[in-house]
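Trainee: Hi! Could you walk me through this one?
Mentor: Happy to, let's open it up.

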Amino acid sequence: MRLIADGIPASMPDGQGQAATFNLDMAERIEVLRGPYSAIYGNHSGGVIQLFTREGEGAPSVEAGFSAGSDGLRKTDLNAQGSAAGVGYVLDASRFETDGYRDHSAARRDQGMAKITVRPGADSKLTVVASGLRQKDTLDPLGVTWATFQRDPRAGEIDATDTQTPKRTLAERYNTRKSIDHQQAGASWDQRFGDSRLHLSVWGGNRQVIQFQSFSKAFQAPSSHSGGVVDFDRDFYGADLNWQDVRPLAGGKLTTTAGVEYGRSSDDRKGYENFIGNVFGVQGKLRRDEQDVVSNSDPYLQTEWAGERWQFTAGLRHSRLRVSVDDRFLSNGNDSGSLHYSRSTPLLGALYKLTPTLNLYASAARGFEAPTLNELFYSGAGAGFNFNLRPARSTHLETGVKAQMGGTRVDVALFQVRTSDELVVDASSGGRTSYRNASKTLRQGGELSLSSQLGAGFSGRLALTVLRATYDQAFGNVREGARLPGVPRANLFGELAWRSAGERFGAALEAVAAARVYAEDANADIPAPGYSVLNARLTAKQDWMGWRLREYARLNNLLDRTYVGSVIVGDTNKRYYEAAPGRNWVAGFSAQYQF
């Protein structure tokens, strides 16, 4: 998935991105682009998620919020916004803390964001955004076996080799944890020339991560192993320049966008043993030291013609990715080298307006997914850089219907994705994962989305995805027709909501369901069973003497179901399962004052 916030990429040049950097407190809307149309965004754009935060406008205001919930959940947020002398500003800072549902799963996250918008003229706009994220020692409870999950969903896996009495869990003995410090800033300039537009955006930042994993001394003994502590310091920057031309053509409007995007990241990466003597969970001897550089340069072109009934879209992007490794830890051999990937990804689409409220569409594209640094870092059971990975190549087809019937909107889509050299998990253990190329895979499915205004303040929403995701060609011990791990056959979300006149009060009941999920390629081990849960929420708001007050309360998993919320695909020790919380609550309030 490609991640973008306020026009600034939140994904690195190699394609990996962290949604945790999104500031949801200030989010105005989130747009999701999936299917063939996302191919125009290039490498790793099987889908695109764009976050748009609010812009400062009107009289200055300040707002404070607090929420609390089960398992020690606490969150405090403070923000300000407004506009003065043609400059809009938004400032936000928050802290989130939890003791965690499972043992050894406490976390704390500090987040901040600033956004400034300036309009020097009627046809120009400058946006500057800066954000930061800090997570210090987020505890990792690790996955567990099926037997442990059934015994106690909150528990961690006992370390049978532990000499203490009582024996500690693996997470406790190795003190598995991860710290993240991420800052980035970006600026975008938009200049309109009539209906056409020039856009320039630049960005840069730094990301530091240190992770302590659960590897034994014996597992780290081979000289090729890079240790049980991951430590990297990444600097990144990039730019995107494009021109959008709009003109009349053949009774319709032709919109053409041409541009080029460049990105670069440089990692100072080190690996250490996770022990000193017989004490684990500490930084020991150096086992890896290298500089990893990734750069991309992508020219792209997209054009769209829209007439009274027909709309045609065509696009082409050429992605070029270079990865270089400078190995500075030479006592176990020289792991230096480089990789070059390139691919052109075309897109074609058509839409026909059968009536003003009924549209039919079809689209096709080719996709390209080069290995990310995370996928290249390890080969086999912990050896050095994996220079043998190849990019995955895919062909996407989609057709569907969009309809508006009174107060009801319906979207239906059928899709297919054929992929060669799919990147899949080779081995996963102790918080570290290595990858390999599979043969061919096939994804076929359908999506239904429905939203309706039912009257008397009631509304309903439904989203259903049915997906058959399988290996289309056997490889290794994986048979043709085996289901892709981590992918359920079906997902369902439903909501019945009510709002009072003036929207002073609100209530909703949600239903979430998912089919079973396999955790390994051969489909031989016990899959995570399907589940269905119900959630409820209440909201209220009041205006009083310049203050706007809001309150909310949620009760999740009303029926207290015990289920697996996620799986660790391909775990070597069959510790695949991570439990979701049982019945839990969260409630909060905020107060905003406008000057």
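Predicted model: local features only at pLDDT ≥ 70, side-chain atom pairs only at ≥ 80, totals over all residues.

**The nonpolar cores**

Mentor: The largest nonpolar core holds 19 residues, and V323, L339, Y341, L373, L376 and F385 have the most contacts inside it. Such a core is a set of buried Ala, Val, Leu, Ile, Met, Phe, Trp, Tyr and Cys residues joined through side-chain atoms within 4.5 Å. Buried means under 20% relative accessible area, exposed over 50%, and partly exposed in between (1.4 Å probe, protein chains only).

Trainee: Which elements each supply at least two residues of this core?
Mentor: Strand 12 (229-249), strand 17 (310-327), strand 18 (337-355) and helix 4 (373-376) do. Strand 17 gives the most, with 3 residues. Helices (H or I, at least four residues) and strands (E, at least two) are DSSP runs, numbered from the N terminus.

Trainee: New topic: is T419 buried or exposed?
Mentor: T419 counts as buried because its relative accessibility is 7%. T419 lies in strand 21 (residues 408-420).

Trainee: And where is E57?
Mentor: E57 is in the loop between strand 4 (47-53) and strand 5 (61-69). At 57% relative accessibility, E57 counts as exposed.

Definitions and conventions. Residues numbered from 1 in each chain as written. Heavy atoms only, no water.
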